[in-house]
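Dear colleague,

I am handing over the structure that we spoke about, and it is placed directly below. Please have it open while you read the notes that come after it.

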Amino acid sequence: MQTIPQAHGGIEWFVQDGVAHLTLARPEKANALDMPAALALAQAIDELIKAQPRVIVIGAQGPIFCAGGDIESFVAAGPQLEKLVSDLLAILLPAYLKLASASCPVLSVVSGPLGGAGIGLGLVADVVIASTQMKLRTGYAAIGLSPDVGASYFLAKRVGAMRAQRWLMLSTPISAEECLQAGAIDALYAPDALQA
């Protein structure tokens, strides 16, 4: 099965030979999720799941997998920030749930650092492989926010509640090796070997 490649809001997706590809494509913005990206991501997930692929592969362009929510758009929202965050959550939470409930395996290819909302997207998968250059930083506590978009759920599911709580509260970078040892990711590869 083939689908026509789509690209909207910094998200790219297509299905080729039964493999669904979902790619964050805003490397100039650290693949952060703003409203257009969130809408496109939800659309992509819907379309890919409806295509009934054998597997869904989540990836990203550039050196950062996903920095989380787009802080620039949060600042620009000014007094409308609460509404913006609420609207983003209303779009992303059901989309992540659809990925988590997909009837086929989901693979995340974490090519670099991830944080915030990127944690939920990276860890929603059944199998998570990562570059040795990846690191995880929850970031929420550092800017006075509570964890959202599946970050606390998927992190706790993979590393246990107490470790997840510590990582979320301290908001310090967690190395690729520590992520592997804790079970946050399943395998590490050198950056030039990851895509293969």
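This is a predicted model: local features need pLDDT of at least 70, side-chain atom pairs count only at pLDDT 80 or more; totals for chains, interfaces and linings use all residues.

Residues are numbered from 1 along each chain as its sequence is written, and side-chain values use heavy atoms, with hydrogens and water left out.

The whole chain

The chain holds 8 helices and 10 strands, where helices (H or I, at least four residues) and strands (E, at least two) are DSSP runs numbered from the N terminus. Its C-alpha trace spans about 45 × 40 × 30 Å along the principal axes. The radius of gyration of the chain is 16 Å, which agrees with the value near 16 Å that a compact globule of 196 residues would have; this radius is taken over C-alpha atoms, and the globule rule is 2.2 Å times the number of residues to the power 0.38.

Of the 196 residues, 47% count as buried, a word that here means under 20% relative accessible area, with exposed meaning over 50% and partly exposed in between (1.4 Å probe, protein chains only). The accessible surface of the chain comes to about 9400 Å², and 58% of that belongs to carbon and sulfur atoms; the areas come from the Shrake-Rupley method with a 1.4 Å probe, and for residues only the protein chains shown count as cover. Among contacts (heavy atoms within 4.5 Å) between residues at least 6 apart in sequence, 66% join residues at least 24 apart.

The second largest pocket

The second largest pocket has a volume of about 220 Å³. Of the 15 residues that line this pocket, V57, L107, V109, L194 and Q195 are the closest to its centre. A pocket is defined on a 1 Å grid over the protein atoms alone, as an open set of points where a 1.4 Å probe fits, with protein on both sides within 12 Å along at least five of seven lines, and lining residues have an atom within 4 Å of a point. Grid points are joined across faces, edges and corners, and the volume is the space filled by probe spheres set on the points.

At least two lining residues each come from β3 (19-24), β4 (55-60), β5 (106-110) and α8 (191-194), and β4 gives the largest share, with 4 residues. By class, the lining has 11 nonpolar, 4 polar and no charged residues, where Ala, Val, Leu, Ile, Met, Phe, Trp, Tyr, Cys and Pro count as nonpolar, Asp, Glu, Lys and Arg as charged, and the others, Gly among them, as polar.

G68 is in the loop between β4 and α2 and counts as buried because its relative accessibility is 0%. Leaving aside residues up to four places away in sequence, G68 touches A32, L33, G115, G116, A117 and G118. G78, in the loop between α2 (71-77) and α3 (81-100), is partly exposed at 37% relative accessible area.

D17 has a positive phi of about 50° although it is not a glycine; D17 lies in the loop between β2 (11-16) and β3 and is partly exposed at 49%. S171, also not a glycine, has a positive phi of about 60°, and is found in the loop between α6 (161-170) and β9 (174-175), where S171 is buried with a relative accessible area of 4%.

With best wishes
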